[in-house]
Amino acid sequence: MVSSEATGNEPPGEAGREHPVAIQLTDIVKRFPGVIANDGVNLTVRKGTIHAIVGENGAGKSTLMKTLYGAHKPNEGTITVDGEHREFSSPKDAIAVGIGMVFQHFMLADNLSVWENIVLGDEPGRRFRLDVAEAHQRLEALGESFGLRVDPDALIGSLGVGEKQRVEILKVLYRGASILILDEPTAVLVPQEVDELFASLRDLVSNDATVIFISHKLDEVLKHADAITVIRRGKTVGEVPDPSTVTPSELAELMVGSELPTPETRESTVTDTPALELRHVTARGDDGRDVLDDVSLTVHRGEIVGIAGVEGNGQSELVNAIVGLHHATGEILLDGTDVSGWSTAERRGRGIGYIAEDRGKDGLVMPFSLWENAALGHQRQEPYSKGPWIDRSGARSQTAEIVDQFDVRTPGIDVPVFTLSGGNQQKLVVGREMTSEPTALLAAHPTRGVDVGAQAVIWDILRNARAEGLATLLISADLEELIGLSDRLLVMLRGGIVAELDPTTVTPQDLGSYMTGARAGTT
Amino acid sequence: MSRKFLRALIAPVSAAVAAVVISSIALLIAGKDPIEAFREMWKTIDSTQSVTIIINNAVPLYISGVAVAIGFKMNLFNIGSNGQYLLAALIAGWAGAEVSLPPLLHVPFVFLVAMVVGGSWALIAAILNVTRNVNVVISTIMLNYIAIGLSAFLLSELFRDEENGGLVAQTKEMPASAQLPPLNALFEWFGFNFGEGVELYGFLPFAIALGIGYYILLNRSRFGYDLRLSGSNPEAALSSGVNPKKMVLITLFMSGAVAGMIGLPYLMADPDFHKYGDAFPTGLGFTGLGIALLGRNNPAGIAAAAIVWATIERATQRLGPIGVPPEIGRILAGSFLLVAVIAYEVAKRRNDAAATAAAAQATHDERLAAGDDDDTGRGSPDGPTPTATPAGGER
Amino acid sequence: MSVIIPNEEEANADPVVRAWHERPHWRIFLWTVVGVAVMSTARLLSGNDDLTSSGTFGVALRTAAPVALAGLSGLVAERSGTINIGIEGMMVMGTIFAGWWGWEFGPWMAIVGGIFGGILGGLLMSLATTTFGVNHIVAGVAINLLAPGVARFMANELFTDVQGGSVTSSPGNSGDIGEFTVPFLSGGELFGWTTPNIMEWLEDTGWFMIADVAGFVLGVTSEVSWDVILTVGLFFGIAYLLWSTPLGLRLRFAGERPSAADSLGVNVHLMRYTGMAISGGLAGMGGAVLVLFANRYQEDQVAGRGFLGLATMIFGNWMPLGTAAGAGLFGYAQGITLRTNPGELVRALVLAAALGLLVVLAWIVYTQNWRAVVPMTAITLVTFWAYFAATEPNNQLVFVTPYVVTLIAVSVGAQRLRPPAEEGIPWFKGMQ
């Protein structure tokens, strides 16, 4: 049973009838400069349920949850918690009525210990004395009762993603929250971890807690949620009180107004000409440990090789070693030439295209104009420069072409790039790398944080380039993307390649067990 | 005047108004009449003679501003330009007086010595930064004090002019071939009258050339692109193939080389000097920091800031007779600077927000609602995860 | 929901068995003994007892205090997220207020005045950096340019028409802050009875190493002025505040991860203002200590100590103990320039440096770190050459000693520095 309109106040379906309403958001409007993130959203969450909020990137899910958590005030609309009308001017107010939130980007200080991160803002002890022993005791007790164990004295920076998430959940439980909000909690987890997470959440819910989680992965939503609210372009477009009544395609239709794009590749275009070869590439991290452990791989012309792995197992270092940003030993061959002694500038000039894993970090320069960003990484080459001078007209006409060809929606090529939406920024990055006609492309999370429209465009670009003979090394946390686009899959674990898999036969579940080291070998 | 230009004026003008208000309050607290004080200030600068003097004084301030702006552009804070120029002026003044060359060679020779000395001194900080990861702010300021001690030592022990009596510590006067004549003749040829005893010093054309060169380097050259890139996003610079160490070395050397020229207007064009000595102006480097910030590291802005600063200095010089402390000028300039940097920041944020809104409007973005949701990254010039570490600022 | 498979090699790895000299506390002890031996040898070889005399250490402590306060000021500011280049200016604000209140109301009020002036500067800077998001270095530079102007204007108003005062100097503090000597150890008084001075006796023996240690102990325990004792106390106080109170935890989060603090309802801007108020107060007190030392406000008496403080903080890796050590090093380097024969002392210090390098060289050979041998030998030889070739430096060169020592210290100091993760980044609500 799908109701296609916001039905916040109507009687709930079978599944929710016995549960009282925990959260009621009515007509929430939230505006930011130039954009309306929430434009009249309604949400009803029942006590003791796991409630999913789905919507594509940029639909306004996070904004809505931050409103509920008091991180910002809505411009319009009301919040009701357990039947009482509330106004939150800070997360403190939300915490006080038992709401806790786990953010998508972990809100943890890497250089501080687990217990410091957890007790912050609600410290045990007196005003002039922080009671460390008490903090340890309370964490111990929490860990015991919820089965969430972390060493309280460990530094956050030394923890893995899953452990960090556990700390985040402990943080919420420490404050006695009965309503948990989790923003894209599964984005960085492998399927097995996702199941474990939901098992823990189910435990909590059976103890009368309420869980709201954000996701855009429809299969896991349908599998784990008791009720679903769909948000699109800042508005509630659907309520599903009983997920067993809907199919993934119905949900997708609600979410984006059409079917979701799929990353399937067509017929193989793989040649046997190696474009990029790595032989025994080994690299050390700052702490002296091997972050890349004797990695050898080959990417042929017309081939997409996918790298799967839990975040932090050497994928970033692999890309950095190939671009020349991370010192590594061993050989890196580009079109048969050993480039391992070359500088980054030389390697990129020779034909290594690079889609950075975080465009805001090193893929784009936010205050620079579009045309200046188009030159980024290619500033030594025509048409962007002539000798020691920047070729403005050359760079500008090239940029205009990129904007045109890759569907970058922008008012012009002179506006600063921060004014563009994430999807358009990413299309600019991908377009920039493609127009330089690289021999090999390193694509790290090419569709992370973009809307489905841009995602479809980027997948098309990668597929077309493959057909034209580009060798692509694809790194992604999105297993569907990896399986769909890749011709071959390599699994990285602790800096080494531990398995080579055939994407036509492997399932996400299988992939997950290889990624965590539960299984090893090659299919 | 274009609207863009007028809009750019809003911030500095409001800062100026605020500075006048703050200074007036200070004067009122001190029991002085601010209106009378400002009237007197205006009288002081309201003459051709004053304008000429202001321009003469603004030239070294301008060079000083450009010197540090080069580093500021890539978040490399060379705050030791003071030491760099003192050492450069001393050695250039001494070397210029020691050699005899025809003017066409002598002038470039003095320039070269000053720039090499200033640049090399700054290069020490650069080398310490790239090899030992020493913070540039710390090393340049330490080198600043070392340069002050060293130049005092060199002046008294090695470069002192022994013939002209031992009382005043100063170098020999540079010969006429190393001096730049005043520009009066040039302007009078156009029918401009300076009045008695007023000289427009001959360094002005060099300062203008410096500004043009700085502009071209920054905005038209690949090096300038890399420099701005390193300043805005050092990580993006790195992965685009810019060698950060090379950038730090070159940029600090250039900053120091320009700083080396700060003393040259006095050394080469001011008839009161033509030599380095105890009377040589100190502190121009520190003032230059303020000028660069006021001028937003932009050559025209720096020129305007230098003139404003020189005007304040000139205007407050003769306040003594009416019982107003001339020190009010330092409050005026200092508060102007502080309010201005705040006003620039506020204006920048407003403009950024407006630009984002305009872009969203203009593209009729299907996903207008996309807004500030976590993952879109739109709307913040600093990017979604601000982790910028200034180049050379790593410690 | 165990998520990360534990790394077995790591879990089962034996704790590394370390040689006794590699255990941390032994290492520190060992190098301290070597340091004392080197200084003592240099003293005996150069025949310059003042190198490690109680007098030198006494002055060193005195000159270290303002730099230490500046370093502590920087530490609090940066721990709470603001890079404070404006310490210099805040110290200037401290000196003018300390000079004024010290002259009007006495030495203790000089300290209060200094703290007050510094807090004004700190809050002003925080207004720019925290509320308006101005680049921290830009704001600091602006404060540094504004503060001397304010001080000069105030001095002109306050001191010019007063006997003994001028636009560059206050008339002098009314009264002395007093000093304290530890009984028995350094011959302090106990209920009116002058106790025996053991350390003085030991120092006078001139024994190898023992006299030097005694000189140090005597120097830092006799006739220590109360403002210096207060400074030492503040190090403990600030360390306690930052690491043992809820407020301290929140302050540190404002520097490490403001968004995390905000997400738990901690007011980040309030924390950053608080940090800057404390930072400004400490800097201002540093100015007051200078005023108490000179017994009056003098223009330009800060002379870069704010920046030196920052350098000592970096040298100390953003930790109080390290900062204090850095300040002590600077204080010693400056202290010897204030003794009767500074040129000779600087030369003896170069000898000590050369001897120290020799020990390090020996260590490098012992540990068979062959790659470092050549450069180290070269540096050692150059230092010895500098000692033998150079004559006594004159005053202008002696003046630069502390700055050179500081520059060398930050260059050779720890390379694995760990500044607060998000210091210097303007933070606003809604940022990640």
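Modeller: C:Asn317 is partly exposed, with 17 other C-beta atoms within 10 Å. Partly exposed sits between buried (20 or more other C-beta atoms within 10 Å, placed from the backbone) and exposed (12 or fewer). This is a predicted model, where local features need pLDDT of at least 70, side-chain atom pairs need 80 or more, and totals for chains, interfaces and linings use all residues. Residues are numbered from 1 along each chain as written, with chains lettered from A and ligands numbered from 1 in written order.

Biologist: What is phi of C:Asn317, given that it is not a glycine?

Modeller: C:Asn317 is found in the loop between α13 and α14 (320-337) of chain C; helices here are DSSP runs of H or I with at least four residues, and strands are E runs of at least two, numbered from the N terminus. Its phi is positive, about 55°.

Biologist: Which residues is B:Val341 in contact with, leaving aside neighbours within four places in sequence?

Modeller: Contact means C-beta atoms, placed from the backbone, within 7 Å. By that rule, the partners of B:Val341 are B:Leu293, C:Ala128, C:Val134, C:Val138, C:Ala139 and C:Ala142.

Biologist: Which element gives the most to the side of chain B that touches chain C?

Modeller: Chain B puts 45 residues into the contact and chain C 40. On the chain B side, α5 (103-132), α6 (136-157), α13 (284-294) and α15 (328-363) give two or more residues. The top contributor, with 13 residues, is α6(B).

Technical notes
Two residues are in contact if their C-beta atoms, placed from the backbone, lie within 7 Å.
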